[in-house]
Amino acid sequence: MTTEILSVDDGLIKAKDIILSGGIIGMPTETVYGLAADGRNPQAVKKIFEVKGRPSDNPLIAHVHKDYDINKLVTVAHGYVYDLIAAYMPGPLTLVMDSKGVVCKEAVAGGDTLALRMPSHEGCQKLLKAVNVPLVAPSANLSKHTSPVSAEHVFNDLNGKIPLILDGGRCAGGIESTVLDVTGKIPRILRAGLITKEMVEKVAGACEIAEHKEGDRVKSPGVKYRHYRPKCDTALFGIDETDKAALLYDAELKKGRTPYIMCSDAVAEKFKGKNLLLLGKSGEEVAFNLYDKLLEGEKKADIIIAVSFGREDGVYLGIMNRLKKSCG
Ligand code: TXA
Ligand code: MG
């Protein structure tokens, strides 16, 4: 199979045909690229798990267009959920609710809940409107690898395994959606992302962060796996450990290897003259650049030496979650 890359407009009809006949395609969203299938079709959903090499106990997110009647798919249990929908959807927020079973059990790993998301990406909305069915989609990378934020990244992982990638440009968000369990009285963040705890609190009045401790029954199975790893070696240092990072860099150079420092602009000057993967200034910039720089780094570097940011508030919570799993 050769994998075709087409713009959303050029590939829309082909994409619709493939999806509605049980195939899978790469699609853009505002967070990362997804690997999409008709969520009602067990055979199509199985292809996603096969192509990614994803463990079958890790459920998928269902994506719908902005005018889709979500009551067909899930039960909204609490009033605050409507406020969250009004404030942040379409956008990088995924809500876990009780499923009505329209999306097949293979997609939700046999569970009773469904994670639902309405992407704001214009091209993705066009595709969702065209098919008018829930599309289940994990990130369009091989399991455990770094998530893709361009059509080219998807191609590099899945060339020959899927017929089509819709190219919707570079993802504006850069890290995956916030996964929020809204089955309880207080919303709980299962996976941190661009919609922050503070943003949820502002609308819903309160918000908890799920702690995943050793031995816990895992509520969001995805968080228990090693994830987001680039194909080269990695190391992770705190913002107060720039000296150690520089020492490791020099030691790697002496061994004849090619190291790269990955850091925010704020500490870049401590690494003058060294190979750099710069992540930018603000949290939004760092989120936008993180996967792109990891994927650039794995091509150029023998080791990516990452330096963290000295904060885990706001969007940095989601960023640090990814950075620890990719480089820690
Ligand atoms: O931004 C995103 O969310 C991207 C784009 C493509 O939409 N998708 C994505 O999917 O990141 P994936 O499969 O890589 O991650 C889905 C996460 C996993 O951590 C999974 O365990 C969790 O959502 N999840 C899915 N369904 C769930 C459910 N019913 N209950 C709890 N967690 C769920
Ligand atoms: Mg993923």
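This is a predicted model: local features need pLDDT of at least 70, side-chain atom pairs count only at pLDDT 80 or more; totals for chains, interfaces and linings use all residues.

Residues are numbered from 1 along each chain as its sequence is written, chains are lettered from A and ligands numbered from 1 in the order in which they are written, and side-chain values use heavy atoms, with hydrogens and water left out.

**Exercise 1. Find which residues of helix α7 are buried, and work out where they sit around its axis.**

Step 1. Locate the helix. Helices (H or I, at least four residues) and strands (E, at least two) are DSSP runs, numbered from the N terminus.

Step 2. Sort by accessibility. Buried means under 20% relative accessible area, exposed over 50%, and partly exposed in between (1.4 Å probe, protein chains only). In α7 the buried residues are Thr 242, Ala 245, Ala 246, Tyr 249 and Glu 252. They cover an arc of only 120° around the axis, which puts them on the same side of α7. The arc is taken from the directions from the helix axis to the C-beta atoms.

Step 3. Check both sides. Asp 243, Leu 247 and Lys 254 are exposed on the other side of α7. The buried residues pack against β13 (233-237), β14 (259-263) and β16 (303-307).

**Exercise 2. Find how many aromatic pairs there are, and classify each.**

Step 1. Apply the rule. Rings of Phe, Tyr and Trp (its six-membered ring) pair if their centres lie within 6.5 Å; planes under 30 degrees apart count as stacked, over 60 as edge-to-face and the rest as tilted. The count comes to 2 aromatic pairs.

Step 2. Take Tyr 228 and Tyr 291. Their ring centres are 5.7 Å apart and their planes lie at 25°, so this pair is stacked. Tyr 228 lies in the loop between β12 (208-209) and β13, and Tyr 291 in helix α8 (residues 283-300), so the pair ties together parts 63 residues apart in sequence. Both Tyr 228 and Tyr 291 are buried.

Step 3. Take Phe 309 and Tyr 316. This pair is tilted, at 5.6 Å centre to centre with 50° between the planes. Phe 309 is buried at 9% relative accessibility, and Tyr 316 is buried at 7%.

**Exercise 3. Is Lys 52 buried or exposed, and which side chain of opposite charge is nearest?**

Step 1. Lys 52 belongs to helix α2 (residues 42-52).

Step 2. Lys 52 is buried and has no salt bridge; Asp 157, the nearest side chain of opposite charge, is 7.6 Å away. Here Lys and Arg count as positive and Asp and Glu as negative, without His and the chain ends. A salt bridge needs a side-chain nitrogen of Lys or Arg within 4 Å of a carboxyl oxygen of Asp or Glu.

Step 3. Beyond neighbours within four places in sequence, Lys 52 has contacts (heavy atoms within 4.5 Å) that include Leu 35, Pro 138 and Leu 142.

**Exercise 4. Which peptide bond is cis?**

Step 1. In general, most peptide bonds are trans.

Step 2. The bond from Met 89 to Pro 90 is cis, with omega near 0°. Pro 90 lies in the loop between α3 (79-88) and β6 (93-99).
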